[in-house]
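Reader: I have a structure open and would like to talk it through. Can we start with the overall arrangement?

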Number of protein chains: 2
Amino acid sequence: MSVKCRKWVLKSHFCGMPKREDLDIVEEELPPLKDGEFLCEAVWLSVDPYMRPYTKNFPPGSSMIGGQVAKVVESRSSNYSVGDLVVGNYGWRTHTVVSDSVPEAAGGRSKLSPTLYKDRESTAVGVLGMPGATAYFGFLNLCTPKEGETLVVNGAAGAVGSLVGQIAKIKGCRVVGFAGSDEKVEYVKGLGFDEAFNYKTMGSMSETLKKACPKGIDLFFDNVGGEWFETVLAQMNTFGRVSICGAISQYNAEEKPKGNYVSQLILGHQLKVEGFIVLRWIKEWPECFKQMSQWIAEGKLKYEETVTVGFDNMFDAFLGLFTGANIGKAVVKA
Amino acid sequence: MSVKCRKWVLKSHFCGMPKREDLDIVEEELPPLKDGEFLCEAVWLSVDPYMRPYTKNFPPGSSMIGGQVAKVVESRSSNYSVGDLVVGNYGWRTHTVVSDSVPEAAGGRSKLSPTLYKDRESTAVGVLGMPGATAYFGFLNLCTPKEGETLVVNGAAGAVGSLVGQIAKIKGCRVVGFAGSDEKVEYVKGLGFDEAFNYKTMGSMSETLKKACPKGIDLFFDNVGGEWFETVLAQMNTFGRVSICGAISQYNAEEKPKGNYVSQLILGHQLKVEGFIVLRWIKEWPECFKQMSQWIAEGKLKYEETVTVGFDNMFDAFLGLFTGANIGKAVVKA
């Protein structure tokens, strides 16, 4: 049986805001399965902000990268049976031939645990997937929160920020969040954030931070970068910790604006500033998912997903990341 | 017996390059000693770059701060005898009344160990004092060097940078240093740095770094800040570590130039960037001085001092820090 896959290909590198014509949907004929391989069909596809800067690393003509939850539809592997659900970095494509040894090596979580994902399979690319691990390890390992400390998180209604704020609340922190609409601010307050602001209407960032953080800022989880980075750093307390998860404000900027030099702020407040890519902790992801699913079961951790339906609409879901269209995790139902 | 002390007082806050008229030398009549106190007379006074930004924290009329090596000339303390040498943060002054309990609490190293400082008493404000501890802990604890890694250090001929580079060589690193004159470059090469450049004549900083660090930069010890910070960060390897010790290029800048936002560099290379003030490790200073003096005895660590003679010339010594006048540690012989 020959299977035709449809996939999204980068026609030309993005310049500024991604445009539909930068991408193409093309057909690919997949080879027949060999021993030890299985064929899977995308069920849930993930769009994430990192895809914007990462495409720079690939030549035009490359397939778009990304995670997906897929269902095994044919198998010559003794480890995977038709009907099994798997999660993997297969990219923006409908069908994938997978050698059953590869994803194991890349993280050992290819087959979805039926208990962990029983409520919602899409969480394997969300709260119990890469974005969840990003929030969990990026915050806990790099910010090392202590009870009573004040956290500032931007992109607070997003897939990662919404979880970071809640994990910080579980750890006893005061949490101040920033998001891009009044609806998002309400959502974030509903999650238990102590304060939340619509950064588009709040006026002075510096003054808003001063009022919201009267004891200064101990922890900063930065999804946005740019002006945020220097403005928050200037109000941090001695020995504050900064975890840099993203810089979404910069990804599409054609002319990068200049800012103040920050090394003296880092020096004066004796800050620790770290950037991370969550794959560095991939061996520990399973323990994170166990803890997160327990918090979900206990009602301590809530998550939201914004679902776009249809493989052909992936670009719209992707663009929504940069236009502020989503609350929580953006996923595409194939 | 009544003693008159002479001291340097901040008349008005520095604006731009420090000016002689920002400071005044005034007389102060010291009170007679009480029980538990001793009177000491400055022998070696320290001038250090941190004094420039720190003066902003004190109102005009304050005495200039800083460390000195002093000799006990009168004592009503059972712990200190006439002729003892002490080290303390007494400021820019000829005579000081010290309560013998205070400096102990501030670091437990008020009385100079006669064995440790037998070669040169001035090292108690240099290689075996605050600047030595700055190099030792700021580099080892924050850069956590591994054998074979490449270090970039600027201010390489200075009190701290010259030691950092040598400690890095002891730890098996490749060391690339930057200093502000050909004479300093020769000095630094003589210390065993693998490469050294005169940043005033080298041309493009970025190109020079690329040539000098073909395997990229793993460790950066930044004394200078400003343009250095973003230019070096852009060439760092994954998981690189940056220790921010100073930002001397910014201390006197009246109009702070703008630079590129750096958070995306820290993110992309997964860097750890920390600023520090060496007092955070003060309890461990004695172990540093023991190790450093052993390296000196073994010929592995060399140090230089630029001596200005005369208490009245302290301002000139201080200004020399910002005009690039010194090699090694700048000290004043009272």
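Predicted model: local features only at pLDDT ≥ 70, side-chain atom pairs only at ≥ 80, totals over all residues.

Reader: OK, now one chain. Which domains does the assignment give for chain A?
Author: Domain 1 covers 3-126 + 304-333, and domain 2 covers 130-278. Their centres, taken over C-alpha atoms, are separated by 29 Å.

Reader: How many residues does each domain put into the contact?
Author: Domain 1 of chain A gives 17 residues and domain 2 of chain A gives 15 residues.

Reader: Which elements supply the domain 1 side?
Author: Helix 1 (51-54) and strand 15 (329-333) of chain A each supply at least two residues of the side that touches domain 2. The residues on that side of domain 1 of chain A are 8 nonpolar, 5 polar and 4 charged.

Reader: Different topic. How many helices and strands are in chain A?
Author: There are 11 helices and 15 strands in chain A.

Reader: What is the radius of gyration of chain A, against that of a compact globule?
Author: Chain A has 20 Å, which agrees with the value near 20 Å for a compact globule with 334 residues.

Reader: And what percentage of chain A counts as buried?
Author: Of its 334 residues, 49% count as buried.

Note on methods
Residues numbered from 1 in each chain as written. Chains lettered and ligands numbered in written order. Domains from an automatic or database assignment. Contact = placed C-beta atoms within 7 Å. Helix = DSSP H or I, 4+ residues; strand = E, 2+ residues; numbered from the N terminus. Nonpolar A, V, L, I, M, F, W, Y, C, P; charged D, E, K, R; others polar. Rg over C-alpha atoms; globule rule 2.2 N^0.38 Å. Buried ≥ 20, exposed ≤ 12 C-beta atoms within 10 Å, placed from the backbone.
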